[in-house]
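Biologist: I would like to learn how to read a ligand site and a pocket. Could we go through them one feature at a time?

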Amino acid sequence: SDYSTILLSTRGRVGWITLNRPEALNALNSTLVEELAAAAAAFDADEEIGCIVVTGSERAFAAGADIKQMEDRSAVEMSLRNPFVGLEAFSRVRTPVIAAVAGYALGGGCELAMACDIILAADTARFGQPEITLGVIPGLGGTQRLPRAIGYYKAAELVLTGRMMDAAEAERAGLVSRVVPAADLFAEAEAMAEQIAAKSLPVLYAAKESLRASLETGAAEGLRFEKQVFTSLFALDDQKEGMAAFREKRAPRFTNR
Ligand code: HXC
């Protein structure tokens with residue numbers, strides 16, 4: 001591929017993005033964020049891909065935004081040319097995204113995991129928002145997505161102290177959906193991704209969009225949105241096929257139509 005900070009592969013209907021800056025524990029610099037967003041957009045545009053997995057190395061999912069790249073920037077420079085804006089585009093891909101996390105997921109790395117839909121953790125995973133220690137605050141969603149994920153009080157403790165939590169604590173808090181032995185992380189992520197990718201693509205988009213609305217709207221508006229989207233799915237062949245397959249006691253054959 002033409003990418004220098006990530007590796008790409010496709011297995012079946014699953015697109016894999018592996019962060020690959022081992023010299024910096026996969027710290028997110030502008031190149032990595034741009035490449036990540038471009039790769040995710042390309043998988044998103046590919047009808048053969050039904051789920052994306054983002055992962056890092058054994059030692060680090062991502063140890064945060066690249067401190068050495070940011071350190072000397074002025075506020076004006078950060079505002080005119082934010083090196084991390086690509087993460088917003090990444091968080092808007094329609095295809096479901098699983099973060100398969102081993103080792104450090106700190107700062108922007110934790111925020112990247114939270115920009116995904118599902119976080120699967122190896123027992124070696126460690127999550128945190130240490131920005132306060134560097135004299136800044138989270139800037140890629142940490143003060144917004146973390147309280148929604150684990151509640152205000154626990155999120156406040158993590159953001160204000162900068163401490164890390166291990167995989168077991170992250171699972172108890174509701175940030176990660178499951179903890180698996182590190183040696184099984186890829187196999188477990190693949191099994192989960194294949195289960196998702198076997199579904200109808202437009203229905204996956206609808207489910208993700210409706211889930212996402214829950215993070216952005218009040219309950220009443222969200223419920224109206226969900227009902228609209230639910231109703232519109234009865235225009236799809238795949239709804240007829242899914243329900244016929246149930247009645248006929250067979251597996252559905254979705255056509256993404
Ligand atoms: C740049 C980083 C880095 C980072 C690690 N490295 N994290 N470089 N940015 N975020 C580099 C180190 O400088 C070192 O390079 C190499 O990776 C290995 O890291 P070590 O520190 O030697 O490893 P270790 O002692 O095992 O410690 C691991 C660690 C520590 C606990 C994860 O690296 C660490 O605290 N990193 C910073 C974590 C952090 O503060 N993240 C938040 C960033 S701010 P050399 O060249 O010395 O070998 C952020 C803001 C987001 O994310 C908002 C943006 C808008």
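Biologist: How far does a backbone N or O atom of A65 lie from an oxygen atom of the ligand?

Modeller: This is a predicted model. For a polar contact, look for a pair of N or O atoms within 3.5 Å. Here a backbone N or O atom of A65 is 2.8 Å from a ligand oxygen atom. I67 has a backbone N or O atom 2.9 Å from a nitrogen atom of the ligand, and for E23 the distance from such a backbone atom to a ligand oxygen is 3.5 Å.

Biologist: How much of the ligand's accessible area does the protein cover?

Modeller: On its own the ligand has 1000 Å² of accessible area, and the protein covers 66% of that.

Biologist: Which residues around the ligand come nearest?

Modeller: There are 23 residues around the ligand, and those that come nearest are R59, A65, I67, K68 and G108. By class, the shell has 13 nonpolar, 4 polar and 6 charged residues.

Biologist: Which element gives the most to that shell?

Modeller: That is α2, with 3 residues. At least two residues each come from α2 (67-70), β6 (104-106) and α5 (108-115).

Biologist: What lines the largest pocket?

Modeller: Its lining has 22 residues, with S91, R92, R145, R212 and E216 nearest the centre. The volume of this pocket is about 600 Å³. α10 supplies the largest share of the lining, 7 residues, while α4 (86-91) and α6 (142-150) each supply at least two.

Biologist: How do the lining residues divide by class?

Modeller: The lining of the largest pocket divides into 9 nonpolar, 4 polar and 9 charged residues.

Terms used: Residues numbered from 1 in each chain as written. Predicted model: local features only at pLDDT ≥ 70, side-chain atom pairs only at ≥ 80, totals over all residues. Heavy atoms only, no water. Near = heavy atom within 4 Å. Polar contact = N/O pair within 3.5 Å; in protein donor to acceptor, adjacent residues only side chain to side chain. Areas by Shrake-Rupley, 256 points an atom, 1.4 Å probe, with all protein chains shown as cover. Helix = DSSP H or I, 4+ residues; strand = E, 2+ residues; numbered from the N terminus. Nonpolar A, V, L, I, M, F, W, Y, C, P; charged D, E, K, R; others polar. 1 Å grid on protein atoms, 1.4 Å probe; cavity = no way out; pocket = protein on both sides within 12 Å on 5 of 7 lines; lining within 4 Å. Points joined across faces, edges and corners; volume = space filled by probe spheres on them.
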